[in-house]
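I opened my notebook to look up helix ends and charged side chains. Here is the structure I worked from.

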Amino acid sequence: MGRRQPRPVPHLLAPKLLRIRERLGVGQAEMARLLGKTPIPPDGGTVSRFERGEREPNLFVILEYAKLAEINPALLIDDQWSVRFMDRQISKDVLRREKK
């Protein structure tokens, strides 16, 4: 038996999650409320830890972020896509809808 390889970590996930929240124009507590449909909904403090890279969100939370931004979840977890590229994929309709 060999040594176990460390699990790959998406290094750009935290700034991407932060950017989605900023683009939606909501605070961390409101973002937690928007993520409340997930099986284990985060609170505002947990959203903060996601954005600082101190904690990784579970798959359900990642999927909900992607749904809110109307983007493919792969853009969040694959570091080949930059924060800037992901940001350009967020529809202006999403931003207008959240402002209402």
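I began with Glu70, which is partly exposed at 45% relative accessible area (buried means under 20%, exposed over 50%, partly exposed in between, with a 1.4 Å probe and protein chains only). The model is predicted, so I kept in mind that local features need pLDDT of at least 70 and side-chain atom pairs 80 or more, while totals for chains, interfaces and linings use all residues. Residues are numbered from 1 along each chain as its sequence is written, and side-chain values use heavy atoms, without hydrogens and water.

Glu70 sits in the loop between helix 4 and helix 5 (74–77); helices are DSSP runs of H or I, at least four residues, numbered from the N terminus. Its phi is near 55°, a positive value in a residue other than glycine. Most residues other than glycine have a negative phi.

Next I went back into helix 4 (residues 59–69), where I found Glu64. Glu64 is buried yet has no salt bridge (a side-chain nitrogen of Lys or Arg within 4 Å of a carboxyl oxygen of Asp or Glu). The nearest side chain of opposite charge, Lys67, is 4.1 Å away. I noted that Lys and Arg count as positive, Asp and Glu as negative, with His and the chain ends not counted.

Then I looked up a pair that does bridge. Arg23 and Asp87 form a salt bridge, with the closest N and O atoms 2.4 Å apart. Arg23 is in helix 1 (residues 13–24) and Asp87 in helix 6 (residues 83–89), 64 residues apart. Arg23 is buried at 16%, and Asp87 also counts as buried at 16%.

How values were computed: Helix = DSSP H or I, 4+ residues; strand = E, 2+ residues; numbered from the N terminus.
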